[in-house]
Amino acid sequence: MREVRPPGGAMNDVKASDVTANTVTMYWRPGCTFCIKLRTQLRLARIPYRKVNIWRDPEAAAFVRSVADGNETVPTVVVGDHPAMVNPSVRRIRAALHG
């Protein structure tokens with residue numbers, strides 16, 4: 001599997017130096033029930049995250065397509081420098097944070 005990096009601007013103009021192993025970025029779109037569920041679970045688990053709306057950020061949408069077999073499947077989550085995860089569980093995100 002090839003590694004694909006998120007676009008620089010897709011992280012809400014976060015500098016590369018601000019991205020750490022504990023930075024969680026969730027790519028989402030309005031109306032996505034899976035996104036709403038994951039956002040709720042992340043809040044309940046007290047896992048801080050950044051949201052990137054793929055309908056407002058064409059670079060982010062292109063990134064999601066590049067890791068989701070050409071589809072705009074959300075939620076797509078990136079944890080630090082780990083490979084992107086398409087529709088992950090909170091358990092999988094937590095494992096990426098601690099591993």
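Is Thr-76 buried or exposed in this predicted model? Thr-76 is buried, with 0% relative accessibility; buried means under 20% relative accessible area and exposed over 50%, with partly exposed in between, using a 1.4 Å probe and protein chains only.

Residues are numbered from 1 along each chain as its sequence is written. Because the model is predicted, local features need pLDDT of at least 70 and side-chain atom pairs count only at pLDDT 80 or more, while totals for chains, interfaces and linings use all residues; side-chain values use heavy atoms, leaving out hydrogens and water.

The protein has three helices and four strands, arranged along the sequence as β-α-β-α-β-β-α. Helices (H or I, at least four residues) and strands (E, at least two) are DSSP runs, numbered from the N terminus. Of the 99 residues in the protein, 41% are buried.

Thr-76 sits in strand S3, which covers residues 76-79. A polar atom of the Thr-76 side chain lies 2.6 Å from the backbone oxygen of Thr-73. Beyond neighbours within four places in sequence, Thr-76 is in contact (heavy atoms within 4.5 Å) with residues including Thr-25, Met-26, Tyr-27, Val-64 and Val-86. Across the protein, 57% of the contacts between residues at least 6 apart in sequence join residues at least 24 apart.

Cys-32 is buried at a relative accessible area of 2%, and Cys-35 is buried at 1% relative accessibility. The structure holds zero disulfides, a disulfide being a pair of cysteine sulfur atoms within 2.5 Å.

Terms used
Polar contact = N/O pair within 3.5 Å; in protein donor to acceptor, adjacent residues only side chain to side chain.
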